[in-house]
Number of protein chains: 4
Amino acid sequence: MIKVGVLGATGYAGIETVRLLAGHKEAEIVRIVSHSYEGTKISDLYPNLKGICDIECTGLDVDDIAENCDVVFTALPHGASKEVIPALYNKGLYVIDLSGDFRYDDPAVYEKWYGQPHSDPELLEKAVYGLCELYRDKIKGARLIGNPGCYTTCSIMGLYPIVNSGYADNHSIIIDAKSGVTGAGRGLNLPNMFCECTETMKAYKIATHRHTSEIEQELSHAAGEDIILSFTPHLAPMKRGIFATCYINLKEEKSAEELVELYRNFYKDEKFVRVYDAGTLPELKHINGSNYVGIGIAVDKRLKRAIIISCIDNLVKGAAGQAVQNMNIMFGFPEDTGLDLVPNYL
Amino acid sequence: MIKVGVLGATGYAGIETVRLLAGHKEAEIVRIVSHSYEGTKISDLYPNLKGICDIECTGLDVDDIAENCDVVFTALPHGASKEVIPALYNKGLYVIDLSGDFRYDDPAVYEKWYGQPHSDPELLEKAVYGLCELYRDKIKGARLIGNPGCYTTCSIMGLYPIVNSGYADNHSIIIDAKSGVTGAGRGLNLPNMFCECTETMKAYKIATHRHTSEIEQELSHAAGEDIILSFTPHLAPMKRGIFATCYINLKEEKSAEELVELYRNFYKDEKFVRVYDAGTLPELKHINGSNYVGIGIAVDKRLKRAIIISCIDNLVKGAAGQAVQNMNIMFGFPEDTGLDLVPNYL
Amino acid sequence: MIKVGVLGATGYAGIETVRLLAGHKEAEIVRIVSHSYEGTKISDLYPNLKGICDIECTGLDVDDIAENCDVVFTALPHGASKEVIPALYNKGLYVIDLSGDFRYDDPAVYEKWYGQPHSDPELLEKAVYGLCELYRDKIKGARLIGNPGCYTTCSIMGLYPIVNSGYADNHSIIIDAKSGVTGAGRGLNLPNMFCECTETMKAYKIATHRHTSEIEQELSHAAGEDIILSFTPHLAPMKRGIFATCYINLKEEKSAEELVELYRNFYKDEKFVRVYDAGTLPELKHINGSNYVGIGIAVDKRLKRAIIISCIDNLVKGAAGQAVQNMNIMFGFPEDTGLDLVPNYL
Amino acid sequence: MIKVGVLGATGYAGIETVRLLAGHKEAEIVRIVSHSYEGTKISDLYPNLKGICDIECTGLDVDDIAENCDVVFTALPHGASKEVIPALYNKGLYVIDLSGDFRYDDPAVYEKWYGQPHSDPELLEKAVYGLCELYRDKIKGARLIGNPGCYTTCSIMGLYPIVNSGYADNHSIIIDAKSGVTGAGRGLNLPNMFCECTETMKAYKIATHRHTSEIEQELSHAAGEDIILSFTPHLAPMKRGIFATCYINLKEEKSAEELVELYRNFYKDEKFVRVYDAGTLPELKHINGSNYVGIGIAVDKRLKRAIIISCIDNLVKGAAGQAVQNMNIMFGFPEDTGLDLVPNYL
């Protein structure tokens, strides 16, 4: 049984981490850190947890955490993470960071998209990008994980195999992504009030969303060359889910069946990846509430273009679930420990 | 490991039973029976189950079920259950029936509210009403369970302690209940189409809903005399949940704190019952997706009236979860086996 | 063409007033007052209004308003109204106040439920309670209207005829009301964030909601004696609508048909009241987006109890629509001018 | 005052036509035709219309319609329209058809996408494609209108100016469109049940949706050459709205401001088109419930790609509203008669 601390637990990614760890048989939450709610029981803030997790939130005390925890999940706002994480890391803790601060190969890319220099480029270099299906081996030996973003995980997993295959024009990628509102976090914000975002839809941050840079970084690895791409995020009136519709032009004619075969080979033995039969497509209700990625592939023969649907639960595979999956890999637990969640069709 | 069959698995109560059993470590689903979908994999109908439960639906073959199963869950439409259950029961199977057919003490009550005579009054007599917190001892020795309805479970659990206490005028009960749309089942039905029931609300079957009779039966036991009451069901634009607002006049002045104390004593040691501190109230998001019952109590001193909020997930504690809880009791498993579900706040 | 000013136009009741006035052929909006958004075009805040109403918000300048407007709608938070209204009133303006400040016969009742003494009891005395169907004649000669609350309008209109009839026990009233989220206003508030209030339901302010006092005031008039009653508000996951389920015990046996007849007589010639045939019931989608009140009546013969369903759009008949109806009456326009809105079934 | 008949009025496009005509001061509905509901009052099916439109549905009687109506709106399923319309047309009626049957220049295109030969190619030739902003002059003299589809109107209006400008690579178009559930009509259909489509999202008919052919037909006119394109429809959990995210590669560098200028010139004097300032984008709540088209333009400089957001209410500008707009043009009424609808932000 390992001892776990969660920082920033009262936000949506943080509380989902608590929810998943509450059902994890190899890990025990011993510290929940929240500035705003120091002294309050987490189950008073989230009464769904009553009797399940009644730990009291504490302020941040690095020494106390170092003494009592083996691993820390940091679900802090971008920018806040990198103030705290070096201290935790230097105390010898394992750290899984859900922010954007430790996801980059190159601090210059971080600076470009986050608008400020990275505060600890040396530590950034030690961090491993925690997309489990791609970097499992590196994660095994890591002590600091930059847990991927939600749009990112969904987009990369949907495109990696074809980009890597050489079948497609990797400079033609367009990702049109739709997110549930939990993706915007728990911060008070007029556009995320019920009456402002139900029964409507919008696009936002066209051509400027930060996750673009993460997707480009990883798909450039897949392609073996630098690629840039279009990424358009949308907000849809639902709580959970990322639904990415990905477009890529084929260099040669390929059927949906051939591409499905390609993807199934690529994700062979991956428990959390479901590649759909040609002619069928994933929907959010097939995967919501779980750590699964659903991938479906169609080909528009007239245009020699593949359309790839990828979907995940933004709070699970797009945040807390993948974070737990990373923990499982780091500590040698079966990778699905605490993640055997049946998706909520209803 | 016991062997389980599910009849009528493709409806919402049935598929929730499958979902819960898929995560139950002492039970294994070996038969899924569906007339309409014979030959189809359950995971083709509900792709959320892919890789989790891929059993093929079969037609009804009582001998085959008797040979291969220890226990059967019947989630058939009311009326259909009572054709099938005697045969299953006579083969020696344990049967947990989710319909209304085996919930009554008195076949005359069934006939009055269901509009037809009960087809097997003898078997009805052997059935135990499966409201676990009230009838645990009888359930232990039973082989046929009439699993309570969703409105019913919520209302009875919210009112039983006060009705039983003698503090209140048991002839003054009004239950104003609100249900999510899964309560209406999966049958094609215009009023349950998305565009017909989102962003609206309605009441229905005022003073005539069948669950009234079940609630009256049980609360009469609690009162030690025959009582009748008002029950008004509403449909609200959400998938899951029963939210019952219960009104009862007090015979003497009681504070909310005193009533909370009464309820906590009554439900002492009940894992699935959460009685809220006076001044706080349950919401559906505190219990949805789980087997919990949330109960909150307010007192209107001006009117000497208690207002009791009771809420459950209609598909879990109101159907499949309680059915599994019944199975656990019948077979001597820890009562929460397969039911350690963290409610979905998000 | 009369000139209109709207104060507090950027909240939900205010902006609905703007929306309705934009389509009113006898009135022209000439001032929109907003502290927070002085200098901003209303159509930049609410882009649905682009090209329809592009007026710039101004700060509050009583002289300017007095000079340029004939009538002012004040949709300010409770408490704020009563600071501003005396000044406007004294300038000779017609004032329709959407807050709770001018709705009471007795300042002591205001003080009891709003927790502070009324600041201008003399002016309160001059105000007319703007429930149009009940006080049309007084409204005609008034210069200050206390426009009724949303829960209030719905509940009073649903109960007035029966309470007034003498058929019922007026001390047995229970109102179980469900509101859409616009009822909570536009203020930033965690519980009204999309992810906190979709797919869930809650009750709140049981036995303490301020609208209780307004309902009691008016139904006491109907009864000819002081009555107190139970009022329980709930929040449901939808934008608009108040759905009130009202319970009242009958002193003598009455059929639903007889009560429908009673209601139809009472509301004879009322354009905005729809009394449903016995056996049918209103739903929110029958009236949402319009100024209609839908009333349906059922009788539980077993219990000699009438159950009356009353529903309105909280922003229209429950706020802005009734405010415009009041204006129409005050200025002698046909009462439905600008209010010929077809409800949004879809 | 012209006399109007509506065929297929009980579906969603039909009933929206009724709703709009009910508020049209130059037109009077005199016949509502419905096979399934002959003899039923339309306001019994749609109680929102009580007191507003209480006409009884009749069976189809071409002579009766010819005698009593000037113009007929046909909102029948695709295929059904073309059986009825020739008869109505030959009686001298003006016909506005909301199905896909009379939208094509070339019957071969119809046959290819609808899977059957067109039954009346001669009449097809006489039909005018009713996209009002593009074909106003032809509509003026027409007696048969093929009213455009919802996805179609939204996509064409979003792309026409740029495709026509010569600035872009017209062979690079990708349209990623999201629709509310009313777009699927009122037919009983499991995937459109509330519990099946709320809180989820899906793509469907990738590369095969019929509206693709309509969009290609019109954008080919804009381009002056045959173009084919990608069109991907999605279903989102909301009632109304089409939200199209359109991608097109620029041949030369253009700023968003320059493109906004281009669009504003193109749609100069068009009352129902709102081209947003660069840096701002339309959302469905800006236009829902109205006949407006909201168009916003972003440019991804890194990729030399324009991303154009176009949105409409599928039932209004995408069906009934445009149909009424066509009628207004045909009969010489001001084009916005009956269409001065303020969009429902809330």
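Reader: Let me start with one residue: is Lys178(C) buried or exposed?

Author: Lys178(C) is buried, since its relative accessible area is 0%. Buried here means under 20% relative accessible area, exposed means over 50%, and partly exposed lies in between, with a 1.4 Å probe and protein chains only.

Reader: Before we go on, what sort of model is this, and how are things numbered?

Author: This is a predicted model, in which local features need pLDDT of at least 70 and side-chain atom pairs count only at pLDDT 80 or more, while totals for chains, interfaces and linings use all residues. Residues are numbered from 1 along each chain as its sequence is written, chains are lettered from A and ligands numbered from 1 in the order in which they are written, and side-chain values use heavy atoms, with hydrogens and water left out.

Reader: OK, so which residue does Lys178(C) form a salt bridge with?

Author: Its partner is Asp176(B), and the closest N and O atoms of the two are 2.9 Å apart. Lys178(C) sits in strand E8 (residues 174–179) of chain C and Asp176(B) in strand E8 (residues 174–179) of chain B, so this pair joins two chains. Asp176(B) also counts as buried, at 0% relative accessibility. For a salt bridge, a side-chain nitrogen of Lys or Arg must be within 4 Å of a carboxyl oxygen of Asp or Glu.

Reader: Why can side chains like that pair at all?

Author: In general, side chains of opposite charge can pair when their charged atoms come close.

Reader: How many salt bridges are there over all chains?

Author: Searching the whole structure gives 81 of them. In chain A, Glu16(A), Arg19(A), Arg240(A) and Asp313(A) are linked in a network. In chain B, the side chains of Arg103(B) and Glu214(B) meet at 2.9 Å, N to O. Arg103(B) lies in the loop between strand E5 (94–97) and helix H5 (107–114), and Glu214(B) lies in helix H10 (residues 211–223), so the pair ties together parts of chain B that are 111 residues apart in sequence. Helices (H or I, at least four residues) and strands (E, at least two) are DSSP runs, numbered from the N terminus.

Reader: And are Arg103(B) and Glu214(B) buried or exposed?

Author: Arg103(B) counts as buried at 3% relative accessibility, and Glu214(B) is buried with a relative accessible area of 0%.

Reader: New topic: how many residues meet where chain A touches chain D?

Author: The contact, meaning heavy atoms within 4.5 Å, takes 45 residues from each of these chains. About 3900 Å² is buried between chain A and chain D, and carbon and sulfur atoms give 57% of that. Buried area is the accessible area (1.4 Å probe) that two parts lose on being put together, summed over both.

Reader: What about salt bridges across that interface?

Author: The rule finds 6 salt bridges between chain A and chain D, including one between Arg302(D) and Glu216(A) at 2.4 Å, N to O. Strand E8 (residues 168–179) of chain A gives the most to the side of chain A that touches chain D, with 6 residues.

Reader: And what does the contact between chain C and chain A take?

Author: That contact takes 19 residues from chain C and 19 residues from chain A, and the area buried there is about 1800 Å², with 72% given by carbon and sulfur atoms. On the chain C side, Met193(C), Phe194(C) and Cys195(C) lose the most area to chain A, together 38% of what that side buries. There are 2 salt bridges across this interface, and Glu196(C) meets Arg186(A) in a salt bridge of 3.0 Å, N to O.
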